[in-house]
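Please look over the sequence and the model shown here before reading on. The report is meant to be read beside them.

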Amino acid sequence: MSAATHAFGLRIRPLLTALCLGAATAFTVAPAQARGPEGIADVAEKVIDAVVNISTTQTVDAKGSSSEGNSAKPNLPPGSPFEEFFDDFFKNRRGGKDGGPRKTNSLGSGFIIDPSGIAVTNNHVIADSDEINVILNDGTKIKAELVGVDKKTDLAVLKFTPPAGKTLTSVKFGDSDKLRLGEWVVAIGNPFSLGGTVTAGIVSARNRDINSGPYDSYIQTDAAINRGNSGGPLFNLNGEVIGVNTLIISPSGGSIGIGFAVPSKTVVGVVDQLRQFGELRRGWLGVRIQQVTDEIAESLNIKPARGALVAGVDDKGPAKPAGIEPGDVVVKFDGKDVKEPKDLSRVVADTAVGKTVDVVVIRKGKEETKQVTLGRLDDGAKPQPASAKSQPEADKPATQKALGLDLAALSKDLRGRYKIKDSVKGVVVVGVDNGSDAAEKRLGAGDVIVEVAQESVANAADIKKRVDQLKKDGKKSVLLLVSNGEGELRFVALSLQ
């Protein structure tokens, strides 16, 4: 094996030399400003001791993994110098010959926010671990306890006891709302388990929504963030934490200059609640919301398209007694503008439980203000809607055509066929034309049309009458309030052209 390794080293050495020479040449001709601001070294020196490694241990059952391990093992010629190495490696991965439980270790990053021994990291760094250790920059390893986690923002708070006589370095949070595009930032963490490593880059974007959770509002940066950087801090040039490095987009697992950090504005609120309660207590409005598309905005006479459309109101939620109704468009919450549904989700979650706030809605083209006292969000699982798949048909119901839909009056037979609750009222869809706007908007058999242009409908004739009138009025689209069998509502705008 040593001979093969040596030969490999001899073959690759000229390539490394060429790369080093090329890099030296590039740096020689590069302008001075390409190196970044001089303050980066000062920031790194100031905060490096507050950045820690997070080491976790987890016991896993390796039974049944041997086949996977064997399939991953490369085919090597008999007598190959690497054969023994891979045999040992895959045997260890399977937990030994008996395939029994084995311990796995992982490393991430974190940072100290209180010299008494409080650190922040990502939830996914410590999830399902049996033991958590904080490793200081000088190599000191300390057992840590979990204070609390928030899965929705992927954050966790740890507590540990500092070594006797040792004063820990801690860092403070900055204001992520003040970040500007192109501003220099510094990431410090533990990429590829190499130990404390510093990288620098700029802020590529703010408030980035990558559909990873309900409260996405990431800072995007091109500072190199690799495996093991998770949970590490993103600093501004004042040495303040303005984000927690959490995700990267990469086909290879290494940095390609697209990294994401949870902004400090979000982190501060989550950390404060975890330290105080050991859990998150988010505000709850009690509504289901959806995007206000251009078609929906035209149907509701809202220009320009903005806000969060209320598709449903929880009967036991705070919005109900406040007078908020389906079809209202929330444009302002507690003095903050709501441009899209994500804005409302974030600001409601960040508002204290029990606080009374003003909610501005647009109803039938006019603004109204409602006062709502927020409840507490239950993060438990929600029931799944009943399947919309039809049962074998008995007698074909009488239908009428409109908007590319086959419509029928609700009957006992149709309620049973599509599993529609008795509380749902309206006109049931029993067929959808392929290629129609309704099909594109994912209307299907078993959906129930409750309202057309914010007016209730009881039969297919009501729908056709409303549609014909809207066409005469020169409207380009019609707004439907649609329910599934469970009674969950949503708005759908269909073209009239």
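Predicted model: local features only at pLDDT ≥ 70, side-chain atom pairs only at ≥ 80, totals over all residues.

Ile132 has its place in strand E4, which spans residues 131-135, and with a relative accessibility of 8% Ile132 counts as buried, because buried means under 20%. Although Ile132 and Ser55 are 77 residues apart along the chain, their C-alpha atoms are separated by 5.9 Å. If residues up to four places away in sequence are not counted, Ile132 touches a set of residues that includes Ile54, Ser55, Thr56, Ile142 and Leu158.

Pro341 belongs to helix H9, which runs over residues 341-350, and this proline is buried, with a relative accessible area of 13%. The C-alpha atoms of Pro341 and Gln291 are separated by 6.0 Å, while the two residues are 50 residues apart along the chain. Leaving aside neighbours within four places in sequence, Pro341 is in contact with Ile289, Gln290, Gln291, Gly307 and Ala308.

**A cavity and a pocket**

A search of the whole structure finds 1 cavity of 30 Å³ or more, and the largest cavity has a volume of about 80 Å³. Among the residues that line this cavity are Lys152, Thr153, Tyr215, Asp216 and Val262, and by class its lining has 4 nonpolar, 3 polar and 2 charged residues.

The second largest pocket has a volume of about 830 Å³. Its lining is made up of 30 residues, of which Lys265, Thr266, Arg346, Val347 and Asp350 lie nearest the centre of the pocket. The elements that give two or more residues to this lining are strands E8, E9 and E17 together with helices H6 and H9, and the largest share, 7 residues, comes from H6. Sorted by class, the lining of this pocket has 9 nonpolar, 9 polar and 12 charged residues.

**Salt bridges**

How many salt bridges does the count come to? The count comes to 24 salt bridges, and three of them are set out in the table.

| Salt bridge | N to O distance |
|---|---|
| Lys166 and Asp138 | 2.9 Å |
| Glu279 and Arg376 | 3.1 Å |
| Arg363 and Glu325 | 3.9 Å |

Lys166 lies in the loop between strands E6 and E7, and Asp138 in the loop between strands E4 and E5, so this pair ties together parts that are 28 residues apart in sequence. Lys166 is partly exposed, with a relative accessible area of 33%.

Glu279 lies in the loop between H6 and strand E13, and Arg376 in strand E20, so this pair ties together parts that are 97 residues apart in sequence. Glu279 is partly exposed at 32%, and Arg376 counts as partly exposed at 39% relative accessibility.

Arg363 lies in strand E18 and Glu325 in the loop between helix H8 and strand E16, so this pair ties together parts that are 38 residues apart in sequence. Arg363 counts as buried at 17% relative accessibility, whereas Glu325 counts as partly exposed at 40%. Salt bridges that share partners join Glu325, Asp328, Arg363, Glu368 and Lys370 into one network.

Terms used:
Residues numbered from 1 in each chain as written. Heavy atoms only, no water. Helix = DSSP H or I, 4+ residues; strand = E, 2+ residues; numbered from the N terminus. Buried < 20%, exposed > 50% of the residue type's maximum accessible area, 1.4 Å probe, protein only. Contact = heavy atoms within 4.5 Å. 1 Å grid on protein atoms, 1.4 Å probe; cavity = no way out; pocket = protein on both sides within 12 Å on 5 of 7 lines; lining within 4 Å. Points joined across faces, edges and corners; volume = space filled by probe spheres on them. Nonpolar A, V, L, I, M, F, W, Y, C, P; charged D, E, K, R; others polar. Salt bridge = Lys/Arg side-chain N within 4 Å of Asp/Glu carboxyl O.
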